[in-house]
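Let's take a walk through a protein structure together.

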Amino acid sequence: MTFDELLNSIPDYAKDLKLNLGSAMEQSELTAEQAWGTAVACSMAARNPQLQAAMLAGASGKLSPQGLCGARAAAAVMGMNNVFYRFRHYASNDRYGAMPARLRMQAIRTHGADPADFELWCLAVSAINGCQVCVDAHDHAVREKGLSEETVLAAIRIAATIHGLAAVVGAEAASAAAA
Amino acid sequence: MLGVGQRFPAFSLQATVSLEKGKTFRTVTDQDYPDQWKVYFFWPKDFTFVCPTEIAAFGRLSEDFAERDAQVLGGSTDSEFVHLAWRQNHADLKDLPFPMLADIKRELCAALGILDPQEGVAQRATFVVDAHNLIRFVAVNDLSVGRNPQEVLRVLDALQTDELCPCNWHKGEETLQVRV
């Protein structure tokens with residue numbers, strides 16, 4: 001499914017999300033690379049294959065090969081880290097914080113995309129996966145790397161919309177299958 | 001013996017790299033695998049009993065090492081021709097996927113400090129070296145005791161597992177500095 005086909009397939013009850021996604025991908029606060037990387041990473045985090053396919057199709061020609069790699073790496077590594085570091089934050093036992101994580105995360109170093117963009121994608125994925133510590137840490141990191149608060153919020157708009165749409169696309173597919 | 005944090009010595013040695021005619025030997029240096037980690041392991045003598053099992057075991061794991069951006073290199077003070085004869089002679093070594101260094105002048109082993117004082121040959125030493133040629137792990141076994149390559153892989157994994165994510169920061173701490 002192409003990106004436009006996806007938009008056209010969104011039912012009336014979710015028209016807000018359809019319009020939001022269309023606008024969100026055109027926000028001036030984000031470069032095309034940032035916007036599409038966010039879309040690819042967030043569609044992975046939102047776990048809907050059709051949505052993922054549509055975002056990948058839409059990203060073609062707009063997201064560099066390194067950006068594509070970085071966006072997927074962000075979704076992968078944060079999918080892991082959002083659980084691990086959220087656990088440490090949830091547990092009142094502080095001692096977990098002093099014990100080594102023993103989780104490889106070399107992709108954070110080797111992803112090959114722009115470092116600020118990568119942090120932005122990690123932040124967006126963390127917002128979807130719901131890890132407070134991660135959101136806070138990556139928000140700091142992104143702004144330290146020179147991106148503005150407006151850029152951050154723009155990326156979160158994409159994350160939020162994609163997350164909502166994943167539920168819609170999944171529900172529509174289930175309806176169609178049941179019919 | 002050199003230890004963790006010290007630079008692996010510069011070297012340029014003949015190595016036995018394959019059984020294919022015309023491609024058997026190659027000069028290998030400390031600069032040959034830029035951006036890779038290196039796992040150097042030495043043994044006392046070719047054609048002895050403990051060594052083939054270890055060497056073949058490292059060979060079977062060389063893809064696991066490669067996945068972790070690590071090149072395995074074996075070595076002893078034997079010449080490249082002895083390495084070749086041994087590989088031709090021993091079924092387990094025929095398809096060895098990594099170079100066997102020939103430290104015939106004993107310069108590298110001496111610089112590493114691993115020449116056995118009694119026997120004059122390399123001790124069973126293993127060095128894990130990072131992409132900047134710094135030694136990050138050293139282990140030496142007595143001459144008759146074989147190594148466990150799986151354990152070396154485990155150590156490499158542990159050495160490469162830095163908590164690089166800002167999620168690891170605690171409030172009030174400095175910005176995470178990635179060690180270069």
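Start in chain A, where the largest nonpolar core has 61 residues, and A:Ala41, A:Cys42, A:Ala74, A:Ala124 and A:Val125 have the most contacts inside it. A nonpolar core here is a set of buried Ala, Val, Leu, Ile, Met, Phe, Trp, Tyr and Cys residues joined through C-beta atoms within 7 Å. Buried means that 20 or more other C-beta atoms lie within 10 Å of a residue's own (12 or fewer is exposed, in between is partly exposed), with C-beta atoms placed from the backbone. Two or more residues of this core come from each of α1 (3–9), α2 (15–24), α3 (32–45), α4 (49–59), α5 (65–90), α7 (115–129), α8 (132–144) and α9 (149–178) of chain A. With 10 residues, α9(A) gives the most. Those labels are DSSP runs numbered from the N terminus: helices (H or I) of at least four residues, strands (E) of at least two. In soluble globular proteins, nonpolar side chains tend to be buried together.

Before going on, a word on what you're looking at. This is a predicted model, so local features need pLDDT of at least 70 and side-chain atom pairs count only at pLDDT 80 or more, while totals for chains, interfaces and linings use all residues. Residues are numbered from 1 along each chain as its sequence is written, and chains are lettered from A and ligands numbered from 1 in the order in which they are written.

Now zoom in on A:Ala124. Leaving aside neighbours within four places in sequence, A:Ala124 is in contact (C-beta atoms, placed from the backbone, within 7 Å) with A:Thr38, A:Ala41, A:Cys42, A:Ala155, A:Ile156, A:Ile158 and A:Ala159. Apart from this core lies another, of 39 residues, including B:Trp43 and B:Leu153.

Stay in chain A for one helix pair. The axes of α5(A) and α8(A) come within 7 Å and cross at roughly 115°; axes are lines fitted to C-alpha atoms, for helices over the stretch in contact, and angles run from 0 to 180 degrees between N-to-C directions. That makes the α5(A) helix roughly perpendicular to α8(A). Among the residues making this contact are A:Met78 and A:Tyr85 of α5(A) and A:Val133 of α8(A).

Next, chain B. Here 7 strands form an open sheet with mixed pairing, in the order β2-β1-β5-β4-β3-β6-β7; strands pair if DSSP finds at least two bridges between them. Since β2 (25–29) and β7 of chain B stand at the edges, each has a single partner strand, so one side of each is left without a neighbour in the sheet. The twist averages 30° from one strand to the next.

Which way do the residues of β6(B) point? B:Arg124, B:Thr126 and B:Val128 point one way, B:Ala125, B:Phe127 and B:Val129 the other, and all are buried. In a regular strand the side chains alternate between the two faces of the sheet. The β6(B) strand runs antiparallel to β3(B), joined by 4 bridges, and antiparallel to β7(B), joined by 6.

Finally, the two chains touch: 11 residues from chain B and 17 residues from chain A take part in the contact.

Key:
Parallel < 35°, antiparallel > 145°, perpendicular 65-115°, else oblique.
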